[in-house]
Amino acid sequence: MNKSVAGFSKLSKEEKIDWIANNYFSTPNEAVALLKNYWNIDEKIQKLHDEFIENTISNFYIPLGVAPNFLINGKYTTIPMAIEESSVVAAASKAAKFWSTRGGFKTTVIDTEKIGQVHFIYKGDKSKLTSFFTQLKSKLFDSTESITKNMQKRGGGILDIILKDKTDLLPNYHQLHATFETKDSMGANFINSCLEVFAKTLKEEALDFELFSEEEKNIQVVMSILSNYVPNCIVRAEVSCPIEDLAEKHIEDPEEFAAKFIQAVQIAEIEPFRAVTHNKGIMNGIDAVVIATGNDFRAIEAGIHAYASKNGQYSSLSHAKIENGIFSFWLEIPLALGTVGGLTSLHPLVKLSLEMLEKPSAAELMQIVAVAGLAQNFAALRSLTTTGIQDGHMKMHLNNILNQFEANEEERHLVKKHFKHHIVSHSGVVDFLENLRK
């Protein structure tokens, strides 16, 4: 295929599929059949999914699992997790059970502030711009009253607007930097709507400001957009217990385990190569719950990784210590989440997930998501510092290998029996299967 297609978006769903099948596949009928196998038999549900994005041709399944036994602030929660990676749900469940008998998880929402910015170019006297903004600020609030009134009734709205001088970084570059409270909504559309009104008001009012020269009146708005970096929308999750209470099957010497565990965290705090993988493990838990609850995992990822670099070097999101005989493990992360609007009110499984979580507020969901990340991190570090990460992970991955090679029930039984006492590796499983089949 070496040509463009005109009017693709105007084709029907069937026509799009036929075009793709005939241009890219050696067996078009098989490609069409595969795509249609993943359609929902309920036409209403399928139409709903078709309209989430553009040019939809099928559904792409990700397993939805659950991790029970999470004791969070004295209350048990079963957490839904949408993820395709082996061992993540199992690891979270194991960590949840471990800490449920040691006091559980404690969480605190530190703040819920969100940020949006109007980026603009102003060429002129900075003192005049400052005077202009002093007069403009109240008009910015007034100009968005029709947008913010419903949010204000729920206790949210625009918190503040400040003028930022960024000319040391880029010539003539300034910002209107606004902070928002959006309550149970993630608030992207609300924030962006406010910002666009700010931009319009900024330009219009500048034309009438008598102190500005003609050039100074010509403020150029580059863009108006929310930020997914929310360093003041923070939640803390933590676990702690006396060191001796860490003892279990794979932790015969809890003092040695605690010391080694803390060293592993300290390495992630100072070594970026380790920190990236360390934090990826945290995101295994966070992303899975974010997806299951219909939130934007790309925005969450971007904001959290920026936060991990806030001190000038990429570092661990989690921390650990021993103090007065008490082992403590915690993380603080930015999470801008919503439980109303968007997919939360449309996707049937998202609604089911939120009902499973007993219809949490955005602040409550922040705490649940943070706990999932901390549990995942604890499970990974416990494995790394005791049995090694591959032992549990590869046993969970065994089914994927068997599925890949279409093993029958007898072969599955023999493979699993053999690898109960042998190290699981892809090549090892393949060799064993090939010997069976000879």
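In this predicted model, four strands form an open sheet in the order β3-β8-β10-β9, and their pairing is antiparallel. The strands at the edges are β3, residues 106-109, and β9, residues 318-323; each has a single partner strand, so one side of each is left without a neighbour in the sheet. On average, neighbouring strands of this sheet are turned by 20 degrees against each other, direction ignored.

Strands of a sheet pair through backbone hydrogen bonds, in either a parallel or an antiparallel manner. Here, strand β8 (residues 234-242) and strand β10 (residues 326-334) are joined in the antiparallel sense over 9 bridges.

Another part of the model shows two helices packed on each other. Helix α6 (residues 145-153) and helix α7 (residues 188-207) meet at an angle of about 145 degrees, and their axes are 10 Å apart. The crossing of these two helices, α6 and α7, is left-handed. From α6, the residues I147, T148 and M151 take part in the contact, and they meet F190, S193, C194 and V197 from α7. By type, the residues of this contact divide into 5 nonpolar and 2 polar, with no charged residue.

The last feature is empty space inside the model. Rolling a probe the size of a water molecule over the atoms shows where such space is left. The count comes to 1 cavity of 30 Å³ or more. The largest cavity has a volume of about 50 Å³. Which residues line the largest cavity? They are M186, N228, V230, A299, I300, G303, I304, P334, L335 and A336. Helix α11, residues 297-307, gives the most to this lining, with 4 residues. The lining divides into 8 nonpolar and 2 polar residues, and no charged residue is found in it.

Terms used. Residues are numbered from 1 along each chain as its sequence is written. This is a predicted model: local features need pLDDT of at least 70, side-chain atom pairs count only at pLDDT 80 or more; totals for chains, interfaces and linings use all residues. Side-chain values use heavy atoms; hydrogens and water are left out. Two strands pair if DSSP finds at least two bridges between them. Axes are lines fitted to C-alpha atoms, for helices over the stretch in contact, and angles run from 0 to 180 degrees between N-to-C directions. A crossing is left-handed if the near helix is turned anticlockwise from the far one by less than a right angle, and right-handed if clockwise. Contact means heavy atoms within 4.5 Å. Ala, Val, Leu, Ile, Met, Phe, Trp, Tyr, Cys and Pro count as nonpolar, Asp, Glu, Lys and Arg as charged, and the others, Gly among them, as polar. On a 1 Å grid over the protein atoms alone, a cavity is a set of points where a 1.4 Å probe fits but cannot get out, and a pocket is an open set with protein on both sides within 12 Å along at least five of seven lines; lining residues have an atom within 4 Å of a point. Grid points are joined across faces, edges and corners, and a volume is the space filled by probe spheres set on the points.
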